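Please keep the sequence and the model at hand while reading.

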Amino acid sequence: MTKTADVVAFERNVTKALDDGQLRRNLRSAMTTLSQRRRALFADAEAFEQLRAQGQSIRRRALSRLPELLEQLEARCTDNGIQVHWAETTAEANAICLDIIRRHGAQRVIKGKSMVSEEMHLNHFLEEQGIEALETDLGEYIIQLDGETPSHIIVPAIHKNKDQIAHLFHDRIPNAPYTEVVEELNAIARQELREKFRAGEVGVSGVNFAVAETGTLCLVENEGNGRMCTTAPPVHIALMGLEKVVEKLQDVPPLLRLLTGSATGQPITTYFNMITAPRQPDERDGPQEVHLVILDNGRSSIYGDPERRATLQCIRCGACLNHCPIYTRLGGHAYGHVYPGPIGSILTPQLEGLDEAGVMASASTFCGACEEVCPVKIPFTEILRMLRNEAYARGESEHDVKGHGYRYTTVEALSWKSWALYNTSPGLARIGSQILGKLGQHLPMIGPLKEWTRTRTSPPFAPKSLHQLAQERGLDHDR
Amino acid sequence: MTANARANILSRLRATTAQGSFAVPDAPAIAGLALNLEERIDRLRRMLETMHAEVWVVSSVAWLDELKARLRVRTLNGLLYGPGTPLGAALEAAWEENLPPLVPYVEPVEQCRERLFNVDAGITSTQGAIAENGALILWPSAAEPRLMSLTPGLHIAVLEAGTIFNTFAEAIDQQGWLEQGMPTNALLVSGPSKTADIELTLTFGVHGPKELAVLIVA
Amino acid sequence: MNDPSPASIPRPGKVYYFGTCVIDACFPQAGLAGIELLQREGVHVIFPQAQSCCGQPAHNSGFPDEARRVARHQLKAFPKDDPIVVPSGSCAGMLKHQYPHLFAHEPDLDEVRRFSSRIYELSEFMVKVLQVRLEDRGEPIKVTWHSSCHALREMAIIPYAKTLLGQLERVELVELQNERECCGFGGTFSVKQPAISAAMAGDKVNDIVQTGAARVLSTDCGCLLNIAGTLGYRQLNVPTQHLAEFILERT
C-alpha cells in the first residue's frame, strides 16, 4: 500500500524521536512532574468535575454566540481605544502586524509567548522584512537561540535538559560563561533581555481570554516578560484566535483556575494581566496604542459544523499533551506542526487539511487520557474518529473536512469490506477460524502481521475457537 | 482588506454547514470559599509565602515603622513611589535620611526609562487580594503607574486586610468592577516573577521583581 | 468511582455472552472461564453462534459503514432482552458507549440504545449484579495488574475487577508504576503506528518486570496480546492471564 506524504514524514520523525534516548528521558521526567502537580492541585475529584463542568459550559456558551460576542468585543475594545483588526489568513495577520510596526518605524519587536504567532510564523515573516522578532519568555528564548520551534504549547523548551541549555547559552550568547546551574542560566537570560525591554519599540503578545462584556484582554504568565511586552513599549499588538472570546467578566475566574491548574498545577500564575485600554492622557506608562488582531485561519470553517465546533473550546492549557502517552514519547517536534499532542491532532488536520496533517489523527490509541484531564471537556476521541472517517471519505463527506478522502485506497477499502463480510457471515467465519486454528503459527508474515511481529511474537491463534468450544460444551446458542 | 476580512469571517461564522446541534450544558454553581477575616489573612499569607513572597502582618499604627525598620537593614539605591496617593503622602511625611531615598514616579516613562529600570525597589498600594489563590489585586493608575510593580527588583505592596476577598469572583462582584468600569490595566500578582522553563526547576526573579514583600495592614 | 455501586438490576436467570473476536481466535480458554464463572453462580449462559466482532476495528480506523454493518449483525445475534456479558472492557465500551455514537444519525438509533443498555463487562456483572464472593484456594502468588484504557475510563470497571482480586486472600497485588498509562495496543494502532506502539509496549513491559510479579492480569485480551507478544519477543518469562481464568483456577 502506498503511503501518503504526511504519513511518510511522520514516520520519519517518529523514528528520529524514538531513537533519541535523551529526549525520551527529558520528556518522561517532565510529563510525570507536570501530571503529578496537576493531580495534587485537583486532588478533590468531585470538586474538579464541578469546576470543569463550569469550564465546559462557559466555553460552549461563548461558542454558541461567537459571532455576536466577537462583534461585542470589537465594539467594547473600540470604545476603550483598542484598535481591532480582522485577519482571514495568517498572511493577512502578518501584513497587519508589519503595517503597524512599519508605521512606527520599529526595527525590533519584543514578544511574549503566543501560539497564534507561531501559527502565523510571524518571526520568520518579520525577519524576511528586516525586522528582528525577539522572544522573551525564557523557554521561547532558549529555542529561538537554537533555531527551533516550541515542542510544547506551555513549556516550549521542555525537550531540552539543563546541560543542553548550558552549552547553547555558552555557544550563542556573547560572553556567557558555561554553567549548568539553572538559577545562573536564568540570570544570563534576564540580563540579556532586560536591555531589550528598556529599549522595546513594539511589543507582541497572545491573548488567553478576551472578555466581550468589557473589551478586556487577559494574559496569563509567570516571568513578567508578558507584562514587559505589553507595558514598556509604546505599541502593543495582541494576537488572538477568534475562539478566545468569553461572554462575561465573571466567566474569567473559573477559566483562569482551570487553565493554570491544568497546565502546571499552579493555583494561579504569578501574573494575570487584564488590559482594557491603551495609556490614558493622564497616565505615565503603558502603550499609547493597543492593537487586537483577530485571526480566523480556518477556525470559522471548523465552527460551521456543530460536531467539529467543540475543537474550539480549547483554552490551550496543554494538559492533554502532558498526559498523552504518545506525546510523552515523541515530544512536539515529531508531529511536524505548530500544535502537537492531542489538541494538535484534532486541530491541525482541520486547519491545514487532512492531506497536510491527517496522519496526526492516527497518532492515538483512543486511551482517553486527554479527555479525562481536559478542563473544558473536549470530546477528543469523538473528533479523532470523525477525522479518521473523513480521511477515507470520498466524494461528499459528512463533515467536509479539507482534504477528506485523501487516504482512500481501493485496497484498504476492499480489505475493510472483506472484514465486514467475514464478520457478518457466520458460515464464512466458521471456516475462517478453522483455517486460522490449523495454520496457527505458520501464517505468512505479511501486512499487519509483519508489523506486529517486528517487536512481538505472533498472536497465539488457538486450535479451536471459542465458538467451537462453546458448541462442543453444548452451550445454548439461540433460544 | 480588513473590512472584507471582518465581513467574510462573520458571515462564515453565521453560516452553519452541517446538521446537528451544539448543546450548552448547564453547570451547577459552585459554593466558593467562605472564610472569616482572620482565616482569609492566614490563607493569603500561606499561599503568598509558598510562592516565595515575604508577608508582614502589621497594625495600622505600626506599619510605617515596621516598613522603615525593614528597609533600614537593606542596601537599596531607592524606593520608587507614587506621590499624590495616600500611601505616597504617608511615606513622604515619615521618611528619614538613613532610608533608601524616595524616588517619585512623576514623568512619563519615555523621560525616565533609565531610572525606572535601575531603581532597586518600588512600593505600591493594592486594590485588594484573593485568599483562595493567594493573589494581590493591583489597579495601576495615573498616580501609581504600571511599571512600579514590574521593573524594580523588590516590589513592596501595601494591602488593607479588609480588602481580602475569598475568591476572584467575589472581588469582581463586591468591588463592582463591572459597574465602575475596568481600569486600563488590572493585575493579579501572586509572588515574585518566576520560571520553570528549564527542566521544570522553579526559579524566582526572571523579568519582573525578584522579591515581593506584602504588608498586610490589619 | 471508588465504591462499586450495588446491583442496578435484579439477578437474572440467564444472560447472553459476547465472547469477543480476540478471545475467540487466541484466548478461548479465557472466554470459557468467564462462562464457567457465570454458570457457577447459577446463571444460564447463552452463546449465540452468529456473534462475531463488536466492530471496533473499523469504527476506529475510518470505516463507519463497515463498523455499522458488523454492529447491526450483533444486534440481530442478541435479539432478546437479556443482559449481555462481555469479558473485555474495550469491547464492552464499544457495545455500550460507542454504538450510540456510531448510530447517532441512523434510523435504528433507539434499537441500538436499548441494546447498549444491556451491556455489562464480566467483572462488573459479577460484582454489581451477582455480588459474587470468592474463596481463594490457590497457592500464595504475587501478581500485577494491567488496566485497559477502555476498562479504566470508558467503562470505569476497574474497581469491580480489583474487588474480585481483593477477595482472593492469598494473592498479593503489586501495582504498576504507570498503571493508568496505555500499553500501546490500540487495536489497528498497533499496526498503523507500529513504532510508537512498540515503544509504549516496551515501557509497559519494563514496568511489569520491575514489579517482580509472577503473572500479569487484565480484563482485556487485546492488551494481553500486545503485552504477552512483547514479553515473549524479549524472552521475558512473566505469564499473562485474563482475570476470569485466574479466578477460575483458584476458586
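Two residues are in contact if their C-beta atoms, placed from the backbone, lie within 7 Å. By that criterion, the most contacts among the two pairs of chains that touch are found between chains A and B, whereas chain B and chain C do not touch, their nearest C-alpha atoms being 9 Å apart.

The model is predicted, and local features need pLDDT of at least 70, side-chain atom pairs count only at pLDDT 80 or more, and totals for chains, interfaces and linings use all residues. Residues are numbered from 1 along each chain as its sequence is written, while chains are lettered from A and ligands numbered from 1 in the order in which they are written.

**The two interfaces**

Between chains A and B, 81 residues of chain A meet 66 residues of chain B. Helices (H or I, at least four residues) and strands (E, at least two) are DSSP runs, numbered from the N terminus. On the side of chain A that touches chain B, helix α3 (residues 45-64) of chain A gives the most, with ten residues. The contact of chain C with chain A takes 56 residues from chain C and 52 residues from chain A, and helix α11 (residues 194-211) of chain C gives the most to the chain C side, with seven residues.

Two strands pair if DSSP finds at least two bridges between them. Strand β9 (residues 271-275) of chain A and strand β9 (residues 185-189) of chain B pair in the antiparallel sense over five bridges, and M274(A) stands opposite A186(B) in β9(B).

**The sheet of chain A**

Within chain A, six strands form an open, parallel sheet in the order β1-β10-β7-β4-β2-β3. Its edge strands, each pairing on one side only, are β1 (82-87) and β3 (132-135) of chain A. Strand β2 (residues 108-111) of chain A is joined to β3(A) by four bridges, with V109(A) opposite A133(A). Helix α4 (residues 66-80) of chain A packs on this sheet, touching β1 and β10 (289-295) of chain A, and its direction makes about 145° with that of β1(A); such axes are lines fitted to C-alpha atoms, for helices over the stretch in contact, and angles run from 0 to 180 degrees between N-to-C directions.
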